[in-house]
Amino acid sequence: MLARVAENIYWLARYLERAENTARLISVNANLLLDLQRGYELGWLPLVDITGSRHVFDAQKHRSDEREVVQFLLANAENPGSISASLNSARENARTLRDILPTEAWEILNEFFLEFTAQLPAGLNRRTRFEFLKRIVLVSQTLAGVLDGTMSRTDAYTFMMLGRNLERADMTSRIVDVRSAQILPAAAPDLGPFQTIQWISVLRSLSGQHMYRQTRRARVTRVESLDFALRDEEFPRSCMFCLRQIELYLRTLTRSSGVLDTLAGAHRFLAQVSFTELDQQGLHQLIDHLQVYLIGVHASIAQAYFPALPGNARRPMPQSQAQDGGSTLPLFADVP
Amino acid sequence: MRIDWTSYSAPGLHDELIGPGGGARVAGRALARYLTELGGREIGVRQQAAELAIKAMGITFTVYHEQGGSIDRSWPLDIVPRTITRKEWNRIDAGLRQRVAAINRFIDDIYHEQRIIADGILPISIIASSRNFRPNCMGVTPPARCWAHICGSDLIRGSDGTVFVLEDNLRVPSGVSYMIENRQVMKRVFPELFDSAAILPVDDYPGQLYDMLAALSPRPQERPEVVVLTPGIYNSAYFEHAYLARQMGCELVEGRDLAVGDDDCVYMQTTRGSQRVDVIYRRIDDDFLDPEAFRADSTLGVPGLMRAWSKGKVALANAPGAGVADDKLVYTYVPDMIRYYLDETPILPNVPSWRCGEPKELEHVLAHLESLVVKPVDGSGGYGMLMGPMSTQRERTQFAAQLKAAPRNFIAQPVITLSTVPTFVGDRLEPRHVDLRPFILSGPSTYVTTGGLTRVALRKGSLVVNSSQGGGSKDTWIVDTEV
């Protein structure tokens, strides 16, 4: 297939996955806060950090309360990670792919985009927000089902799966990062019961609490949850699972040995880390390393398969900001 | 409430559905009966359903605005179809085949011996002053000596019932995807109607288009690489480019996806390396096709494409230079071409036209501006023309100055009052003017669409049907009345 079209379908899948995961995040955060006692200043700001858009948020001088953060994540057109921006980009990419995508898939996305835009006030209203967010996840899953069920397994499908799994691995690592390290202060007393709530919320952000219970048969603990979210071989939203999928699809392509080498690095890294001795700072650094690997995988896919840019232009690539207490890496996007 | 056709009046006009006595014409008898029973309110419900379906299916066209950039609009469809008997259509079909055959002979002649000029049928000045004549096509012989592979001819019916050819669009005619999608929508919202009449299907077009294009391939092979070349997402017809590529199972490419190699073959950049392209259905004007041959500032085209084409390494449809016949001045000679090349009598008449480049005719046109339509010879989309009867004295004075400055650039025609079709307005049916654009495919063989795209002027009394200027569309039914 055309290199340009491969890039578009890859980004279509990433934007859809991003919109879905951001919806999960907002929903679960709201739920978690309801369970916590008053007096803990946990709030909404961590969600801005998760999506790596703190610089945009600060530049726009928002208050970090529920109302403004949700608006920022849901509807802010200047926040490239907002659901509204992701869906818009997904639709614009899909528009260039109308000759590739099954008709139903385009219709679902197009119709949902119109619905989303019309229903936005419901998403910003606390009382109706839950249903609104649930619908985003549901439509995204429906769309994935239609694509899985009707697309031939050609290169178009392969690049879609590469985009979906890479974005999913990225979002899962972000969820783990912010949920574990920043929501609850480390040394706060009387957090016993809330530790569990916190890790359940990680699992719920991934729609994973059910599968966790089935396979781990354990209390929800920090070490087990981390292992499940990052390294589980069977759960489809775990980072390891996504990496395995990427490997599988890369093997259907020609000229993939360079990308496979990069990917192997990420595998080895994930396989050798230990979660038991990890403090919060260490966990944050681990996630940051993992994201650098994911960025590397993206860069080598782009180099191997996407069109060469005119002249010496380079695709924008986020730099690692891994420092002590540094913020999460920004989400990155295709060439505008 | 039942529809009372006696209050549906179209005095002095030819209505396609309702005859002078208030009764339905034969092609629309079943339709009229059905609409009568349905009533205005229910028709309104169906109209809304159709609009919703169009929105959900994402059938759009793009309008460019000075301020707002490009805006995607839902495709406007009026749900009352336009009906034509199969018998009448057969005659139109034959007339279109005849016309396009002569036009292809003409283009080939112009780029070779120019016999038609040597024999005094056409003056050489017509070619010399044509903006669409391409000297670098001289001597090139495309496959099957065919140049205009896809032609969209605009037909109109006057008040006495005569069907005229208004123009032949030979460059990058659009609209065929809407013809097919209109039918899809109609089947969704009016399924029961299709039981009541023998309506011929229209969805054969993409298959026919693919076969024609594949037959042009320079490499004989079972599945040649055919691509659709689009200027990109901001083009007003992008929807159609994507639609046709998808229906034919071809790649939709942009200029930047293609490159001409040292072997003069065209290659596209794919995820599995470079791949040779055999046939390009290009939806880019000649001017932008190849910056080496035409406009050097074009970023939409492919450098070296003309070289590849003239060496026969790739087929282009339509062929570069085919636009020489898409000039309204050349149009006035098409009946002569039919007689000259085919030795036949034209089946479909032209609209009577005055050539402003000829001093006597210019004189007549200047003296009768208030009753004529004056059109630029290389215009399209209804831009830059003067509608005499609706113009002010001031506009006519200004236009007369333009005419005198460059008379070759204009032709004039009497105002033909287009036929009407009942159209849903508010809560009832009113007559609105329509035209019809069928599409003709030419290659080793010829194919004509069953009907075509009916465009309708939605504003009362307006004769402007272009979608860029507030026009709508209708499904077009060729009805077999003898089954």
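Mentor: Start with the chain as a whole. Chain B has 14 helices and 22 strands. The model is predicted. The C-alpha atoms of chain B fill a box of roughly 70 × 60 × 50 Å along the principal axes. A compact globule of 483 residues would have a radius of gyration near 23 Å, and chain B has 23 Å, so the two agree. Of those 483 residues, 48% are buried. Look at the contacts in chain B with a separation of 6 or more: 69% of them join residues 24 or more positions apart.

Now the helix. H1 of chain B runs over residues 29-57. That is 29 residues, yet the end C-alpha atoms are only 31 Å apart. A straight helix at 1.5 Å a residue would reach 42 Å. Where does H1(B) bend? The place is B:Gly39, and the bend is about 100 degrees.

Next, burial along H1(B). The buried residues are B:Leu31, B:Ala32, B:Leu35, B:Ile43, B:Ala50 and B:Ile54. Keep the helical repeat in mind when you read that list. An α-helix has 3.6 residues a turn, so residues three or four places apart point the same way. Just past the end of H1(B) comes B:Gly58, with a positive phi of about 70 degrees.

For contrast, turn to a sheet. Four strands of chain B form an open sheet in the order S13-S16-S14-S15, with antiparallel pairing. Strands S13 (354-355) and S15 (386-387) of chain B stand at the edges. Each has a single partner strand, so one side of each is left without a neighbour in the sheet. Strands of a sheet pair through backbone hydrogen bonds, either parallel or antiparallel. Take the pair S14 (residues 372-376) and S16 (residues 410-414) of chain B: five bridges join them in the antiparallel sense. In that pair, B:Leu372 stands opposite B:Pro414 of S16(B).

B:Arg428 lies in strand S18 of chain B, residues 428-437. Is B:Arg428 buried or partly exposed? Count the other C-beta atoms within 10 Å: there are 18, and burial needs 20 or more, so B:Arg428 is partly exposed. Finally, compare B:Arg428 with B:Arg396. They are 32 residues apart along the chain, and their C-alpha atoms are separated by 37 Å.

Terms used: Residues numbered from 1 in each chain as written. Chains lettered and ligands numbered in written order. Predicted model: local features only at pLDDT ≥ 70, side-chain atom pairs only at ≥ 80, totals over all residues. Helix = DSSP H or I, 4+ residues; strand = E, 2+ residues; numbered from the N terminus. Expected span 1.5 Å × (residues − 1). Bend = angle between axes of the 7 residues up to and from the residue. Buried ≥ 20, exposed ≤ 12 C-beta atoms within 10 Å, placed from the backbone. Pairing = 2+ DSSP bridges. Rg over C-alpha atoms; globule rule 2.2 N^0.38 Å. Contact = placed C-beta atoms within 7 Å.
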